[in-house]
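Follow along with me if you like.

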Amino acid sequence: MNLIKTAPPPERANKKSSTLIRFKSLVLKSAMIWAFYGIYLNAETPKAGVDILSGAILPNLPEVRSPFVLLAVTDPETGKSAFSFAGQEIPPVIRASPGQNIRLTYTNEMSAHSTERCIDGPCRNMTNLHFHGLHVSPNAPQDDVLTMMAMPGESLHYVVSIPLDQPPGLYWYHTHPHGESYQQDLDGMSGAIVIDGMERYVPKVRKLRERILVLRDEVVNKDDPVGADLRRRVGIPENGCSTSTAVPERIFTVNGVLRPAIDIAPGERQFWRIVNASPDLYADLKIDTEKFEIVALDGMPIAFHDPKRRTESVNHVFLPPAGRVEAIIVGPKIGAHASLRTSRIDTGPDGDPNPTMTLADLVDLPHSDGKFLPAPRDVQTPVYKPIPAAKIINIESSSPDFVVSFTEDKNGFYINGKKFGMADPAMVTVSTGTYQHWRVVNDTNELHPFHIHQVHFLFYAQDNDHIAHSKWLDTVNVPVKGSVDLMMDFTDPIIRGVSLFHCHLLSHEDKGMMAKILFK
């Protein structure tokens, strides 16, 4: 049995949520980290004219290997939903190696009566887990988000079999209960997954300090003075940020902290692994004085399909919600100020504000934490899967095997004119062992990120023009009134059963922009 029913948890005290409570929570988290490290940061940002938040150095996240227990709880201070691990509301980084199983018991201890509102009314606090990007079965007890569901007082038991040829890299997990995914992800119910073995593809990362950065949202009310102060602290301009004139009500945090300091010595090379775990904020990342030497995107090493191409140097990295990047970063020169920032993104006439802001500051601190990649557990050689150029050209030059059309109106969000329902049949059936040409069309006035469970795809064209460098991804942005062309990799024999594809703006997914796919 995948579901075990237990006695419902006692009701937790739910206090009225407000920006002030959320701000106090942020300050408390920072204060706890200050006390742990004994380091206070009082730097300034002369370029932006904004004082840096008196915050902490970037905290390392707790880590776990199987088996383990993860709880879903209701925070007694804020009334928000949260993950709890080892007695703290800090989601752990799950580490596993190719060929291993991720084994966990996920217990729903959330309140049976939520004070939060979801798409169709008060949240029911049902929950489950999605293992985003992993090439694993969509059937129970693995990456099943359709039939595995825990109500308050119930538990789910997951055994997720990582294939031997799973690309090593950064993946993530988050809740995926249709209708409540957005609110739970906004509350922070997400965490990173690292599949071991990146050093086999890029040996130099083995000797570098590793940083795992999880980007999430903090809600700030537009009319609250505390919200205005938080926007000022991360450098959000007051003169507008997109075609929308609305005041931004979201700011990014990094590992749960507002604008932390990242300890990096001048000239030091570090291995950064960044996941955009926001339900709907885009990130266009840049570092003032440095470039990103990209090693992997969306968990896929650049070398996995092209052994001759191990890294790529870029000035900025665009991450839609759910996107990931793994890159080598070099510390700024002595005396130089550098920050990790996201640039302003125009999400379209109907899109939400997505302003420029400072995410973190790169500083040379006197005490280093010295965290490196775990020592390899075996001497396994890297797996490469190059695809013959003729095969790729043949797929790219063919007519689309399937077209996904995103539309929306005042009543909801749709794929191919249909709003998702849990009882729906599969919209499309594909044969395992094939490649297909899919086109995703955005017929709306805002951006949409397309995501499909279980597989990666080759993104090679946008608005009918080939892009300069094709990319293997599991989540891709679709431009306003535009399209993307993808070579879908359906060749993995273990992927059989019913799965999903959807817009990864999770409020859109909750409102219907999702559909089923049958692998057979």
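Entry 1: I began with R103, which counts as partly exposed at 42% relative accessibility. For that label I used these cut-offs: buried is under 20% relative accessible area, exposed is over 50%, and partly exposed is in between, with a 1.4 Å probe and protein chains only. R103 sits in strand 8, residues 101–109. My strands (E, at least two residues) and helices (H or I, at least four residues) are DSSP runs, numbered from the N terminus.

Which residues does R103 touch, leaving out those up to four places away in sequence? I found S66, P67, F68, Y158 and V159, where contact means heavy atoms within 4.5 Å. I also noted that R103 and P67 are 36 residues apart in sequence, while their C-alpha atoms are 4.8 Å apart in space.

A note on what I am reading: this is a predicted model, in which local features need pLDDT of at least 70 and side-chain atom pairs count only at pLDDT 80 or more, while totals for chains, interfaces and linings use all residues. Residues are numbered from 1 along each chain as its sequence is written, and side-chain values use heavy atoms, with hydrogens and water left out.

**Entry 2: the partners of strand 8.** Next I looked up strand pairing, which requires DSSP to find at least two bridges between two strands. Strand 8 pairs with strand 5 in the parallel sense, over 6 bridges. In this part of the model, L70 stands opposite Y106 of strand 8. Strand 8 also runs antiparallel to strand 12 (residues 154–161), joined by 7 bridges. Here L104 faces Y158 in strand 12.

**Entry 3: salt bridges.** How many salt bridges does the structure hold? I wrote down 22, each being a side-chain nitrogen of Lys or Arg within 4 Å of a carboxyl oxygen of Asp or Glu.

I checked D196 and R65, whose side chains meet in a salt bridge at 3.0 Å, N to O. This pair links distant parts of the chain, 131 residues apart: D196 is in the loop between strands 14 and 15, and R65 is in the loop between strands 4 and 5. D196 is buried at 12%, whereas R65 is partly exposed at 24%.

Then I turned to E210 and R95, which form a salt bridge at 2.5 Å, N to O. E210 lies in strand 15 and R95 in strand 7, so the pair ties together parts 115 residues apart in sequence. Are they buried or exposed? E210 is buried at 1%, and R95 is buried at 4%. Both belong to a network of salt bridges that links E63, R95, E210, R273 and E326.

My last pair was R232 and D229, with a salt bridge at 3.0 Å, N to O. They are about one helical turn from each other, because they are 3 residues apart in helix 3 (residues 225–233). R232 is partly exposed, at 36%.
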